[in-house]
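User: Could you walk me through this model before I set anything up? I'd like to go topic by topic.

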Amino acid sequence: MTKGETESRYLNGHVFHDAKSNFTLNLAGFELLDDINKIKKTHEYSVKKAIAKVVEIESGAIVNTTANKEETEDRAVDHYNLRHPQELVKGKSLDHSLKQWNEVNTFVSKILDGTTLNEDKQKYQDVIFNGIGGSFLGPLMLVIAAHGDNYNLKKGDKKLPLNLHFFSNTDPDSFKVLADKLDLKTSIMVNISKSGGTQETKGNMDTFNALLSKQGIEMGPHNIAVTTSGSGFDKFAKENKFLNIIYMFNETGGRTSIASAVGMVPAAFAKLSFDEFLKGQSYMDELTRKDDLTQNPALLISIAIDILTKRHGRKNMIVLGYSDFLKEFAHYLQQLYMESLGKEYDIDGVPNPEGQTVFGGVGTGEQHAFMQQVQKGIPDCFVRFIHFLKRDHDYDIKEAGSMGRQLLAFVKGTEDALLQNGKPYMTCTFETCNMFNIGMMVALEERIVTFLGAFRNINAYDQPGVQDGKKAATNMNKVSLNIENFIAQKGSKGWQWKGDAAQARKDFELEESTPIWFVDAVLSDLFANVNVDNSYAKLKGKIQIERSFDNSRFIYSIQSSL
Ligand SMILES: O=P(O)(O)OC[C@H]1O[C@](O)(CO)[C@@H](O)[C@@H]1O
């Protein structure tokens, strides 16, 4: 692509601008939209389908459905309704969400200002948000967007009233680091789980509550639940008199739950203007409801992605946010796109594997990580730049004029280098990094996902693949417990055993269908961790286990030391 071509593109309709919000989409780095009339024709059917899908979703129709009945959830999808100016679905609208936000904010404010105290009349000091996937990525992304990576210090070096902590993964070493920092008496865990059955989240909550119990502390005043009404978790929270249970709808999908209580509760603890976030989402929804593709930024980007992927094999989307406040944005989008669009079958049950790989991070940092391959290596990707028009502060830097201008130079410089290297890119510029614009940003991406799902005829709202992983982990847990129990029961004084995983599967009376690598993994884990506190409570100090590598497999020898 020549400089002249790009310049004429830039001046002739490859830039969308919304004057009210100051949002700009620049598609000049992308020759594929050159003949907009042709695109209008080739994509006429896709655009109609995409717009019809939005109407269908917003009317409350059952859109989370496919012909594969064993996989489908058969439910409506309500994230757009949660910020819709009209109540198209009973009980769901921007006003309803603002009302819930007010209630959540009032409840949390009383904790923050010390009106609500713990059982010993002390002020709470720390809050831990416990959740995974959509029950974690959105809240973390929002908190960083408002306060930066060092979020316990607000902008301007003021401290937030409570220290915020996120705990998502089920990692004992990391949990220990966190637990050692906390005074449990003045800590609250906010457990966020729509289903209430996610193993990692439940395990983390149980671990926290076991620590409380060890210190003779009741769990109720130290736990808050965010879940669906009637879930097992709801029942548990009621029985144990949690400080509060805040509900979300069953129709709100995990990865699109940021506008619900999932986003609200952490936002209130972090003192965010969540009402502005909802209004920003609502505003972008309005912009992306239009059926004229030149007036609809989500349609423009979706079509660009469609053409890049299908015709040009540029499958991977790299998102670069030129602001440290967007540090978690690409990660957030990774779940939104990949869980939504990574599907084996289309809506009609026809095998047609689809997906949208997303990676990225913060610019300019990532330019020093993966940009070399993007610029010069295999042509398998396209780049999405996001940056802000305005900044709040600046510092003098001689070479660039200022630090802010240096950042701009790197956005534009990288765009230019991509052009010279023949690599496509698109750029979204939002006015400033505030909650309204972050709301617009998230809503834009949610709409693109809906449109791409419609183009590709897939259900963008289920996640059978993740369920596969969850089921397999449950099976692995059983193998692990069965092996521990077997050895604990049989391993009386003088008991000895030697063999490989296949031998263990037979001797330890495990089902024949048990994958051999599950057995091997448990025996290796036992070998490495038997004496770690709490790992194998029934076996610690009671067996000795050795492992050797022979003939391309591990051989274990276990001896009871009872
Ligand atoms: O909120 P829950 O039910 O604990 O689910 C957490 C996450 O797990 C998933 O079901 C699968 O990753 C996501 O869709 C969801 O965000």
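This is a predicted model: local features need pLDDT of at least 70, side-chain atom pairs count only at pLDDT 80 or more; totals for chains, interfaces and linings use all residues.

User: OK, sheet first: in what order do the five strands come?

Analyst: The sheet is open, its five strands are arranged as β4-β3-β5-β6-β7, and the pairing is parallel. Because β4 (163-167) and β7 (244-248) each have a single partner strand, they stand at the edges, and one side of each is left without a neighbour in the sheet. On average, neighbouring strands of this sheet are turned by 20 degrees against each other, with direction ignored.

User: And how many bridges join β6 to β7?

Analyst: Strand β6, residues 223-228, is joined to β7 by five bridges, and the two run parallel; within β7, I245 is the bridge partner of A225.

User: Switching to the ligand, which residues are closest?

Analyst: The ligand is surrounded by 14 residues, of which G133, G134, S195, T198 and G254 are the closest. By class, the shell holds nine polar residues, three charged and two nonpolar.

User: Now the helices: how do α5 and α12 cross?

Analyst: The axes of α5 (residues 137-147) and α12 (residues 329-341) come within 9 Å and cross at roughly 155 degrees; since angles over 145 count as roughly antiparallel, the two helices are therefore roughly antiparallel to each other. The crossing of α5 with α12 is left-handed.

User: Which residues make that contact?

Analyst: On α5 they are L137, G138 and M141, while α12 contributes F329, H331, Y332 and Q335. The residues of this contact divide into four nonpolar and three polar, with no charged residue.

Note on methods. Residues are numbered from 1 along each chain as its sequence is written. Two strands pair if DSSP finds at least two bridges between them. Helices (H or I, at least four residues) and strands (E, at least two) are DSSP runs, numbered from the N terminus. Axes are lines fitted to C-alpha atoms, for helices over the stretch in contact, and angles run from 0 to 180 degrees between N-to-C directions. A residue is near a molecule or strand if its C-beta atom, placed from the backbone, lies within 6 Å of it. Ala, Val, Leu, Ile, Met, Phe, Trp, Tyr, Cys and Pro count as nonpolar, Asp, Glu, Lys and Arg as charged, and the others, Gly among them, as polar. Angles under 35 degrees count as roughly parallel, over 145 as roughly antiparallel, 65 to 115 as roughly perpendicular and the rest as oblique. A crossing is left-handed if the near helix is turned anticlockwise from the far one by less than a right angle, and right-handed if clockwise. Two residues are in contact if their C-beta atoms, placed from the backbone, lie within 7 Å.
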